[in-house]
Amino acid sequence: MAAPVLAKTAGGNSAFHNFNNDFAHIRDPNERRRLALAEIDKAPFGWYHIRACVVAGVGFFTDSYDIFAVSLLSTMVGIVYFNNRKGVTPPTSDTAIKVSTSAGTVVGQFGFGALADIVGRKRMYGLELIIIIVATLAQALVGVGPGTGIVGLLIFWRVIMGIGIGGDYPLSSIITSEFATTKWRGAMMGAVFAMQGFGQLGGALVALVTIVGFKGSLSQAKTIAVCTGDCALAVDKSWRILIGFGAVPACIALYYRLTIPETPRYTFDVARDVEKANDDVQAYMKGKHEGNPDEVARAQAFQVADQLTVPKASFKDFIHHYGQWRNGKILLGTAGSWFLLDVAFYGLNLNTTTVLGAIGYGGGSNVYHVLYNLAAGSCILVCAGAIPGYWCSVATVDTFGRKPVQMMGFVALTILFIVWGFDFKNLKPHGHLAIYVLVQFFFNFGPNATTFIVPGECFPTRYRSTSHGFSAGMGKIGSIIGQAGIAKLRTKGATSKTVANPYQNHVMQIYSLFMFLGIFTTLCIPETKRKTLEELSGDEQYTSSSEHIAAVADKTSEEAPKERAVQESVAV
């Protein structure tokens, strides 16, 4: 049975061209899909791209703020609630507070990743921010009682918060990817992820301002061991303000996430709603919320949706797709690289206070100076290494390519951790600072950026979110191992007569091994720059080159007058 000719829709003028009518005469839904997606792929960079980056990026600012503020949080909680231990959080409690967020993040990445492929990106986007907001405010307001302890309450709410943070990873990545122009897709995704650096800086700045605000009370105690009374009250208020402020940017972004349209690629390939997807493309290009297709035309399009050659998502198709080595090795490469990276990345970054102590920024003449140096030192480290690294990735990832940047990063990190680990005890404080800054730079001008970008590009639409969530989840499992299993080794052999972290050099040596292994997992990922998502999906038989799309467009434009003439003669 021949596919019906789709009805035209009203509207459109010289300012807002009605692209729907350009493709309304095309019978084949596959050609309509190719042409509509080509509009997104070849679109010049505009405000609608900036809007998509900002909406996704504010969420990542919040994620990073909440994750990396834990280092200062743990220090302050120790001062307030562990005065009987000289104001220091016990190592097991410290590790549990820091690991709890990663544990929840794994659940969120796996769960939200799969759900976004099943029910759609739009329905899940914003839900993760609601979870983050509730859990963040709950942390800031927790209080101890006869039957509860501060550590247990913080762990519970940080696990819940982690679930929301985990959901943000696959959703923000794939939504940005599926709305992005091919030429600058890497830069757009990198810019979203680069907000992580500003989130780290934001947490340190809020802590700095809060500490300065309570300077009078904090200056009363010479050491954290004797910080009681007004000093302890000031520290208690400080960490609650620090954590609670993380909900502010999330609240700002929530409305825009809840009202974002469904991505046209999902509507085409999974929902199989050809007419709605085509109309959404044009609405997005004009900066509108979403399309409003003619319902008659939409019903007619559903009649031919089964002619779409893109496979439908199913468990059988999932196993068949990843059962092929050419597809399975990509998932191995993205998940493996992220796992190996996060062992060192989170093991190092969640212990910033320890590193600051090693480079001379952890002390002070009183509690105010101790906390001020920790917050100020964190600001310096982020600005010196992390933020420049993120934006170097944004500037180069679409020209150098994702794979070279990731390979370069792993090689540089391997060398840096070897030098740091084997010469740790001979390095002066400024030497430690220099290596730490370089490590932060190559984390972010390297695998920390590319492990986020590549999984959002190289998988088919029907499994893109699931695959990204799986890759990110493996990364967080690596962070748990790095934090709970490796980073805590730094205190091995410590006594009251030795340095606090006698095993720190060996921890750095272990990190160098993981960075070295990352070189080999990088070989499994494809180069994705300047390629359409359809070319990268692994379904080559459904891919159309730009030349083919142009040829189809020329052919259909030639056929359009003939189709209209036939319709007019029938109407007469």
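User: What percentage of the 572 residues in the protein is made up of buried residues?

Analyst: A residue is called buried when its relative accessible area is under 20%. In this predicted model, buried residues account for 59% of the 572 residues. The protein exposes about 22,100 Å², and carbon and sulfur atoms supply 67% of that area.

User: How many helices and how many strands does the secondary structure contain?

Analyst: The secondary structure comes to 26 helices and 0 strands. Among contacts between residues at least 6 apart in sequence, 82% join residues at least 24 apart.

User: What span should helix H9 have, and how far apart are its end C-alpha atoms?

Analyst: The expected span is 1.5 Å times one less than the number of residues. Helix H9 covers residues 185-213, so its 29 residues should span 42 Å; the end C-alpha atoms are 42 Å apart, which agrees.

User: Why is H9 described as largely enclosed by the rest of the structure?

Analyst: The description follows from a count: 23 of the 29 residues of H9 are buried, so the helix is largely enclosed.

User: Which residues form a nonpolar patch on the surface?

Analyst: The patch consists of Phe45, Trp47, Ile50, Val54 and Trp184, which together have about 540 Å² of accessible area. One of these residues, Phe45, lies in the loop between helix H2 (29-41) and helix H3 (47-68).

User: Why does phenylalanine 45 count as partly exposed?

Analyst: Partly exposed residues fall between the buried limit, under 20%, and the exposed limit, over 50%. Phenylalanine 45 has 44% relative accessibility and therefore counts as partly exposed.

How values were computed:
Residues numbered from 1 in each chain as written. Predicted model: local features only at pLDDT ≥ 70, side-chain atom pairs only at ≥ 80, totals over all residues. Heavy atoms only, no water. Patch = residues over 30% accessible without salt bridge, like charges linked within 9 Å, V, L, I, M, F, W, Y side chains within 5 Å. Areas by Shrake-Rupley, 256 points an atom, 1.4 Å probe, with all protein chains shown as cover. Salt bridge = Lys/Arg side-chain N within 4 Å of Asp/Glu carboxyl O. Helix = DSSP H or I, 4+ residues; strand = E, 2+ residues; numbered from the N terminus. Buried < 20%, exposed > 50% of the residue type's maximum accessible area, 1.4 Å probe, protein only. Contact = heavy atoms within 4.5 Å.
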